[in-house]
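Please read the following account with the sequence and the model side by side.

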Amino acid sequence: MEDKTLRKLFLGFIHIHILHHASEHPVYGQWMLEELQEHGYSMSAGTLYPILHAMENDGLLHKENKNVNGKIRKYYTTTDKGAGILQEARVKAYELFKEIK
């Protein structure tokens with residue numbers, strides 16, 4: 001039960017993390033996996049890619065395919081809708097942080 005609860009909680013943090021980095025520069029899956037691992041999130045590509053696709057389908061991310069060394073790499077950037085969600089999440093996260101710190 002505890003693991004499911006933490007997973008649900010951290011899933012929201014991961015979404016915010018993705019929006020944050022995709023607002024700074026285009027990101028791709030492997031880079032995002034490594035970035036999340038640096039922050040203590042252990043996940044597989046099989047978990048991350050469905051999240052990226054869902055965020056794209058929800059209009060939060062825009063995908064652009066680029067040819068990198070003969071392979072197609074999918075780069076994601078934050079859309080205007082995603083930027084608005086990110087800004088709202090920052091406000092809520094800051095308020096929460098002030099309460100629980």
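Met55 touches His15, Ile18, Leu19, Leu60 and Leu61, leaving aside residues up to four places away in sequence; a contact here means heavy atoms within 4.5 Å. This is a predicted model, in which local features need pLDDT of at least 70 and side-chain atom pairs count only at pLDDT 80 or more, while totals for chains, interfaces and linings use all residues. Residues are numbered from 1 along each chain as its sequence is written, and side-chain values use heavy atoms, with hydrogens and water left out.

Met55 also has a place in the largest nonpolar core, a group of 18 residues in which Ile14, Ile18, Leu36, Met43, Leu48, Met55 and Leu61 have the most contacts. Helices H1, H2 and H3 (45-57) each supply at least two residues of this core. A nonpolar core is a set of buried Ala, Val, Leu, Ile, Met, Phe, Trp, Tyr and Cys residues joined through side-chain atoms within 4.5 Å. Buried means under 20% relative accessible area, exposed means over 50%, and partly exposed covers the range in between (1.4 Å probe, protein chains only). Helices are DSSP runs of H or I with at least four residues, strands are runs of E with at least two, and both are numbered from the N terminus. In soluble globular proteins, nonpolar side chains tend to be buried together.

Which residues of H2 are buried? They are Gly29, Met32, Leu33, Glu35 and Leu36. These residues lie on the same side of H2, because they cover an arc of only 165° around the axis; the arc is that of the directions from the helix axis to the C-beta atoms. Just after H2, Gly40 takes a positive phi of about 90°.

The aromatic rings come next. Rings of Phe, Tyr and Trp (its six-membered ring) pair if their centres lie within 6.5 Å; planes under 30 degrees apart count as stacked, over 60 as edge-to-face, and the rest as tilted. By this rule the count comes to 3 aromatic pairs. One of them joins Phe10 and Phe13 in a tilted arrangement, 5.8 Å centre to centre with 40° between the planes. Both residues lie in helix H1, 3 residues apart, which is about one turn of the helix. An α-helix has 3.6 residues a turn, so residues three or four places apart point the same way. Phe10 is partly exposed at 33% relative accessible area, and Phe13 is partly exposed at 36%. Phe10 also pairs with Tyr41: the ring centres are 5.9 Å apart and the planes stand at 80°, so this pair is edge-to-face. Because Phe10 lies in helix H1 and Tyr41 in the loop between H2 and H3, the pair ties together parts that are 31 residues apart in sequence. Tyr41 is buried, with a relative accessible area of 15%. Phe10, Phe13 and Tyr41 form one aromatic cluster.

How many salt bridges does the structure hold? There are 2, where a salt bridge is a side-chain nitrogen of Lys or Arg within 4 Å of a carboxyl oxygen of Asp or Glu. Glu56 forms one with Lys63, the closest N and O atoms being 3.9 Å apart. Glu56 is partly exposed at 24% relative accessibility, as is Lys63 at 27%. In the other, the side chains of Lys98 and Glu95 meet at 3.2 Å, N to O. Lys98 and Glu95 are separated by about one helical turn, because they are 3 residues apart in helix H4 (residues 80-100).

A charge may also sit over a ring, which requires NZ of Lys or CZ of Arg within 6 Å of the ring centre and within 35 degrees of the ring normal. The charged end of Lys66 sits over the ring of Tyr75, 5.1 Å from its centre, and that of Arg73 sits over the ring of Tyr28, 3.9 Å from its centre.

Two loops complete the account. Pro26 lies in the loop between helix H1 (2-24) and helix H2 (29-38) and touches Tyr75, Tyr76 and Thr77, not counting residues up to four places away in sequence. Asn69 lies in the loop between strand S1 (61-68) and strand S2 (71-78). The phi of Asn69 is near 55°, a positive value in a residue other than glycine. Asn69 is exposed, with a relative accessible area of 79%.
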